[in-house]
Amino acid sequence: MRFYPMFSAILAAAVSAASPLATAQSGQCSTTSSATSAALTTQEIAEGWSVLWDGTSNAAWRGVNSEQFPQHGWQACNGILTVQGEGGEESRGGGDIITRKRYADFDLKLEVKIAPGANSGVKIFTQPNLAPIDRLTGKPAAVGSAIGLEFQVLDDERHPDAKAGRDGNRTIGSLYDLIAAKKDKTPSPVGDWNQVRILSQGKHVTFWLNGRKTVEFERGSPAFRAAAAASKFRDIPGFGEWADGHILLQDHGDQVSFRNIMIRDLRPQ
């Protein structure tokens with residue numbers, strides 16, 4: 001995974017002009033620190049990569065239940081997007097954010113850093129029209145995270161979710177509550193950046209954490225359906241087999257930061 005200190009001037013100008021980021025939550029942002037932006041090489045641009053978060057604009061994102069970006073709970077500072085957290089409760093602060101665009105076949109890259117004891121996730125094939133579910137019972141709930149397939153982001157040592165679920169399928173790098181990450185995964189120490197990559201090609205999906213594959217699965221396969229039937233998503237018809245969906249960054253009530261979010265849409269244009 002490659003990231004560079006400067007972004008293409010043309011692309012940065014276009015993204016920034018589309019939707020300047022609201023700075024209501026930026027009061028604590030250091031004015032002396034130099035901002036960093038996601039960058040693409042000429043080859044990556046030719047290959048179809050684009051930036052979902054360039055450090056200056058929220059144009060690609062909105063709230064799950066709103067066409068607007070959350071007015072509180074998220075902070076942009078020095079090229080980093082941070083969900084502030086509200087005491088460990090799902091979607092009680094700014095709430096999850098999702099891409100305005102829906103994706104099916106794609107290659108997604110980003111970096112994520114968590115605070116001690118934090119819980120979060122990056123979801124794909126997110127369906128904002130589905131009601132959230134209770135984290136214990138799986139029944140519909142009034143408040144909670146939007147439904148999708150989740151790359152779990154977690155402090156495995158401190159957060160109790162690491163010992164919940166089955167065989168570690170709620171630990172970092174796992175397909176949350178369905179498939180556990182491989183034991184040889186290499187998460188960065190809490191407080192350091194992790195590189196996340198998610199590749200979706202047809203029904204086939206692969207997760208990587210810091211360059212090492214953690215999970216690989218086929219949506220709709222007998223093994224996938226068995227895992228879904230044993231999960232808290234068992235009462236959601238066709239769970240995870242949707243044709244497309246949004247990409248989501250989760251507000252789980254803990255402080256988590258994201259940067260250098262890039263995607264390549266693999267669908268024929």
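**Labels and their cut-offs**

Modeller: Let us start with Asp 161, found in the loop between strand 8 (147-154) and strand 9 (194-201). Strands here are DSSP runs (E, at least two residues), helices are runs of H or I (at least four residues), and both are numbered from the N terminus. This is a predicted model, where local features need pLDDT of at least 70 and side-chain atom pairs count only at pLDDT 80 or more, while totals for chains, interfaces and linings use all residues. Residues are numbered from 1 along each chain as its sequence is written, and side-chain values use heavy atoms, with hydrogens and water left out.

Biologist: Why is Asp 161 called buried?

Modeller: Buried means under 20% relative accessible area, exposed means over 50%, and partly exposed is in between (1.4 Å probe, protein chains only). Asp 161 has 12% relative accessibility, so it counts as buried.

Biologist: What does Asp 161 touch?

Modeller: A contact means heavy atoms within 4.5 Å. Leaving out residues up to four places away in sequence, Asp 161 touches Asn 119, Gln 152, Leu 154, Arg 170 and Tyr 176.

Biologist: What makes Arg 170 and Asp 161 a salt bridge?

Modeller: The rule asks for a side-chain nitrogen of Lys or Arg within 4 Å of a carboxyl oxygen of Asp or Glu. The closest N and O atoms of Arg 170 and Asp 161 are 3.4 Å apart, so the pair meets the rule. Both residues are buried.

Biologist: Which other residue forms a salt bridge with Arg 170?

Modeller: Asp 177 does, with the closest N and O atoms 2.8 Å apart. Asp 177 is buried too.

Biologist: How many salt bridges are found in the whole structure?

Modeller: The search finds 15. One of them joins the side chains of Lys 109 and Glu 44 (3.9 Å, N to O). Lys 109 lies in strand 6 and Glu 44 in helix 2 (residues 42-47), so this pair ties together parts 65 residues apart in sequence. Lys 109 and Glu 44 are both buried. Elsewhere, Arg 62, Glu 67 and Arg 100 are linked in a network of salt bridges.

Biologist: What makes a set of residues a nonpolar core?

Modeller: They must be buried Ala, Val, Leu, Ile, Met, Phe, Trp, Tyr or Cys residues, joined through side-chain atoms within 4.5 Å. The largest such core here has 48 residues, and Leu 108 and Ile 198 have the most contacts inside it. Strand 6 (residues 106-114) gives the most to this core, with five residues. Among the residues that Ile 198 touches are Leu 108, Val 122 and Phe 151.
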